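The sequence and the structure are shown first.

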Amino acid sequence: CEKGGQWEKALALFDELQQRGLEPNIVTYSALILACEKGCQWEKALALFDELQRRGLEPNLIVYGALISACEKGGQWDKALAIFEELQQR
């Protein structure tokens, strides 16, 4: 899903995963955020980023890169820069 930019299908699979009682990990969130980035869904990417942090998962460089790119594609330069600054402070 992520490579084809099929963000809606990726999110549906994510919901199904959770309905079956499986816990998403950082790889799951990375794939979802990348799918949203490819689908120009910056708001969904940010929501997923917030969710993974609430779950106590530590974002990696792949997540940060995809999130920054999603914001850039959505014209959200201020958000992209804020995320970049957050990454630099880690």
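Glutamate 58 counts as exposed, because its relative accessibility of 52% is over the 50% cut-off. The model from which this value was computed is a predicted one. Glutamate 58 has its place in the loop between H3 and H4. Leaving aside residues up to four places away in sequence, glutamate 58 touches Ile26, Leu52 and Arg90. Leucine 48 is 10 residues from glutamate 58 along the chain, and the C-alpha atoms of the two are separated by 13 Å.

**Salt bridges**

One of the contacts of glutamate 58 is also a charged pairing: arginine 90 forms a salt bridge with glutamate 58, and the closest N and O atoms are 2.6 Å apart. Arginine 90 counts as partly exposed, with a relative accessibility of 48%.

How many salt bridges does a search of the whole structure find? The search finds 6.

| Salt bridge | N to O separation |
|---|---|
| Arginine 90 and glutamate 58 | 2.6 Å |
| Glutamate 23 and arginine 55 | 3.0 Å |
| Arginine 55 and glutamate 51 | 3.6 Å |

In the pair of glutamate 23 with arginine 55, the closest N and O atoms are 3.0 Å apart. Glutamate 23 belongs to the loop between helix H1 (7-19) and helix H2 (26-38), while arginine 55 belongs to the loop between helix H3 (42-54) and H4; the pair therefore ties together parts that are 32 residues apart in sequence. Glutamate 23 counts as exposed at 62% relative accessibility, and arginine 55 counts as partly exposed at 36%. The side chain of arginine 55 also meets that of glutamate 51 in a salt bridge. Through shared partners, salt bridges join Glu23, Glu51 and Arg55 into one network.

**Packing of H4 with H5**

Two packed helices are described by the angle between their axes and the distance between the axes. Helix H4 (residues 61-73) and helix H5 (residues 77-88) pack at an angle of about 160°, and their axes are 7 Å apart. H4 is therefore roughly antiparallel to H5, since an angle over 145 degrees counts as such. The crossing of these two helices, H4 and H5, is left-handed.

Which residues form this contact between H4 and H5? From H4 come Leu61, Tyr64, Leu67, Ile68, Cys71 and Glu72; they meet Trp77, Lys79, Ala80, Ile83, Phe84, Glu86 and Leu87 in H5. By class, the contact of H4 with H5 has 10 nonpolar and 3 charged residues, with no polar ones.

**Packing of H2 with H4**

H4 also packs with H2, at an angle of about 20° and with the axes 9 Å apart. H2 is therefore roughly parallel to H4, as an angle under 35 degrees counts as such. The crossing of H2 and H4 is left-handed.

On the H2 side, Ile26, Ser30, Ile33, Leu34, Glu37 and Lys38 take part, and they meet Ile62, Val63, Ala66, Leu67, Ser69, Ala70 and Lys73 in H4. The contact of H2 with H4 divides by class into 8 nonpolar, 2 polar and 3 charged residues.

Is serine 30 buried or exposed? Serine 30, found in helix H2, counts as buried because its relative accessibility is 7%. Not counting residues up to four places away in sequence, serine 30 touches Asn60, Ile62 and Val63.

**Backbone at cysteine 40**

Most residues other than glycine have a negative phi. Cysteine 40, however, has a phi near 60°, a positive value in a residue other than glycine. Cysteine 40 is found in the loop between H2 and H3, and at 44% relative accessibility cysteine 40 counts as partly exposed.

Technical notes
Residues are numbered from 1 along each chain as its sequence is written. This is a predicted model: local features need pLDDT of at least 70, side-chain atom pairs count only at pLDDT 80 or more; totals for chains, interfaces and linings use all residues. Side-chain values use heavy atoms; hydrogens and water are left out. Axes are lines fitted to C-alpha atoms, for helices over the stretch in contact, and angles run from 0 to 180 degrees between N-to-C directions. Helices (H or I, at least four residues) and strands (E, at least two) are DSSP runs, numbered from the N terminus. Angles under 35 degrees count as roughly parallel, over 145 as roughly antiparallel, 65 to 115 as roughly perpendicular and the rest as oblique. A crossing is left-handed if the near helix is turned anticlockwise from the far one by less than a right angle, and right-handed if clockwise. Contact means heavy atoms within 4.5 Å. Ala, Val, Leu, Ile, Met, Phe, Trp, Tyr, Cys and Pro count as nonpolar, Asp, Glu, Lys and Arg as charged, and the others, Gly among them, as polar. A salt bridge is a side-chain nitrogen of Lys or Arg within 4 Å of a carboxyl oxygen of Asp or Glu. Buried means under 20% relative accessible area, exposed over 50%, partly exposed in between (1.4 Å probe, protein chains only).
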